[in-house]
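Biologist: Please take a close look at one part of this model, the place where the ligands sit. Walk me through it in one connected answer.

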Amino acid sequence: MSGPGVLTMAKALNQGLRDAMSADDKVLVMGEDVGPLGGVFRVTEGLHAEFGGSRVLDTPLGEAGIVGAAIGLAMRGYRPVCEIQFDGFIYPAFDQITSQLAKLTNRHEGSATFPIVIRVPYGGHIGAVEHHQESPEAYFAHTPGLRVVSPSTPNDAYWMIRQAIESDDPVMFFEPKSRYWPKGDVDLTSPASPLHASRLVRSGRECTVAAYGPMVSVALQAAEIAAAEGTSIEVVDIRSLSPIDYGPLLASVEKTGHLVVAAEASSFVSVSAEIAATVTERAFFSLEAPVLRVGAFDAPFPPAKLESTFLPDADRVLEAVDRSLGY
Amino acid sequence: MAKSASSTVDTTTLAEPVRFLDPDGRFAPTPAAERFASMLDELTEADRLEFYRDMAVVRRFDIEAGHLQRQGQLGLWVPSHGQEAAQVGSGRAARAQDTIFPSYREHAVARIRGVDLLDVLRMLRGLTHGGWTPAEVGNFRLYTLVIGSQTLHATGYAMGVGLDGAPTGDPSIDEAVLVYFGDGATSQGDTNEAMIWATSYQTPQVFFLQNNQWAISVPVSRQSRTPLVDRAAGFGMPATQIDGNDVLASYAATRYHLEHARSGGGPAFVEALTYRIGAHTTSDDPTRYRAADELALWESRDPLIRYRKYLENEGVAGSFFTGVDEEAADFAADIRRRTLELGPPPVDTMFDHVYSEEHPVPVAQKAWLSDYEAGFTEGES
Ligand SMILES: Cc1ncc(C[n+]2csc(CCOP(=O)(O)OP(=O)(O)O)c2C)c(N)n1
Ligand SMILES: [Mg+2]
């Protein structure tokens, strides 16, 4: 049953954008098909009708253009929210994001800020064709000057998009496509956490699983299964990939002594690898086993009929938990 | 195998570009120049002299900067020699409220807008990636080294001018945007996207191409088999090709298109045919790829000499030129003196402004570096 306050993530994002646009008329939405269509995932549905074509811009088809023009608009005092239609189509904008946007605050030495949000629907489990199911977040988390976040619930989606728009820094906003449609409670009165906080989402004693975006629900599912089998898993939702808030994670590892990091991205040179390295540095004497990573395989995202094997699931998370506890 | 692209575009086969001054400095407008002639009516005697001063001072500055690089005072120098007329005419055509997006060679425009050229040298000495605050220097944005990237920023900015409600109909406040790029940049995707967006949104903007015939060692014929000015039609933009070594042509055509753009007429494209007399940068050796006679031909079209002849024909006294030469020499001496005084930036400034709001990584690394360095000091004492 849906009622006020129970929303899908897509609707929560839509409400967050609407509220941000109402609160500040410098906020613009721009991208491919974001106007009357409302975006291919309908995240911008109704915004064009409500705010008009000069606040919600259906742009020509070019990702470098979307981000490059957003940079110019930010120089003019606007706060653009760009939509990249799908994860795999962000690369034409790579120079504008990593060489331009990420460095411009630094190059201006304090005389300009670049409050631009780049929304990226990402991740698999939607059975789509090539280039529509990828997880490119590591490229951007690697880049100084960008902030990178990914919500896992409708409530976080609503508040994190609002906080991202309020940030004076560029924010890469990764939206887990597979979580667009499940519903959840949204408290429209006050945010649960700051934008860059990680959060304990399930308490447990024996092993910590850290996850973000689409993998949080998988980690929780794994914890559920493990509990039935008598293993107690604690789950931390990382939420922010740059910066990473290690507080709750280190506290958890100090308690459990075991850490598995789970993500849809492949593990080689990944955000998961970064978390594993840092936790090893900062909680070495609390660890009773090496930090393990669970991710997609290091191959191009395969045709959709293979995606359920390519992407990690609860069983693969549990396999890693077992390996960790078996040390 | 494709036919090799070995020569620069043969400008003699093209329709005559917009030109007011022939190479001997005689006022002899080409037919294409007629429609822009009225733009020159606004110029006072003082304006015309100022154009010369702009060109001569930057010519001298450019030579000095080259020496400073050879003497180890700069890591690199990017000469503007030969392109002064294209830059000064267009730069002077912009109004105070306009915003200018340069590439990296527009030293004359930088000076016109109020940039202290020492700040350009600070960048090439390895002290900064920026150097100035655009709002304090006539809205002259930062240099951009990634070829073509700034064209999109200019278009986005110009879209913002439109979203802010322009035009009001008052040219003394209505804004336009002027963006500089080179012949090499015309092959970049960003530059082409910028033009598509500009025409799509009918931005108040002029795309100013300095076709100096070369992109490092690659001639413009490798970038395009059609005159670059003709490309504008494909985007749906009016375009004008000018003799870029005629400062009056550069002024008049840019002024005309900027005024049209600021009044709501949409974007336009200016191709200035000019030549990079110097090396691409001080790291380059142009004798490896271009012929001496080509260089000699373009040296005979020197924009500064041409304009000086014109002013002399107009009766400007020799004392004016002597005065400008002295001023240029003083300017260069002052730049040299101040360059030699430049110290290194404090090491921990590399962590500043990575973000505008606090981010724990640069904060922690700045603190770590400070402790690390302090460790050496303690060791010494
Ligand atoms: C994207 C990119 N690719 C390559 C380079 C290296 N590069 C610097 S200048 C240059 C040539 C540019 O030629 P042009 O656009 O004609 O400008 P000019 O230097 O002649 O003023 C090249 C290839 C660069 N700076 N950026
Ligand atoms: Mg060139």
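**The ligand site**

Ligand 1 takes up the space of the second largest pocket. A pocket is an open set of points on a 1 Å grid over the protein atoms alone, with protein on both sides within 12 Å along at least five of seven lines. This is a predicted model: local features need pLDDT of at least 70, side-chain atom pairs count only at pLDDT 80 or more, and totals for chains, interfaces and linings use all residues. Residues are numbered from 1 along each chain as written, chains are lettered from A and ligands numbered from 1 in written order, and side-chain values use heavy atoms, without hydrogens or water.

Around ligand 1 there are 15 residues (a heavy atom within 4 Å). Those that come nearest are B:Tyr104, B:Arg105, B:Leu145, B:Gly184 and B:Asn212. Polar contacts are pairs of N or O atoms within 3.5 Å. The B:Tyr104 side chain places an N or O atom 2.6 Å from an oxygen of ligand 1. For B:Asn212 the distance to a ligand oxygen is 2.9 Å, and for B:Asp183 3.0 Å. Ligand 1 has 580 Å² of accessible area on its own (Shrake-Rupley, 1.4 Å probe), and the protein covers 69% of that area.

B:Asp183 (OD) and B:Asn212 (OD1) also coordinate the magnesium ion, ligand 2, along with B:Trp214 (O), at 2.1 Å. Donors here are N, O and S atoms within 2.8 Å of the metal (3.2 Å for Na, K and Ca); water is not among the atoms, so the site may look incomplete. The donor spacing in sequence is D-x28-N-x1-W.

Notes:
A polar contact is a pair of N or O atoms within 3.5 Å; within protein, one must be able to donate a hydrogen and the other to accept it, and residues adjacent in sequence count only if both atoms are side-chain atoms. On a 1 Å grid over the protein atoms alone, a cavity is a set of points where a 1.4 Å probe fits but cannot get out, and a pocket is an open set with protein on both sides within 12 Å along at least five of seven lines; lining residues have an atom within 4 Å of a point. A molecule sits in a cavity or pocket if more than half of its atoms lie within 2 Å of its grid points.
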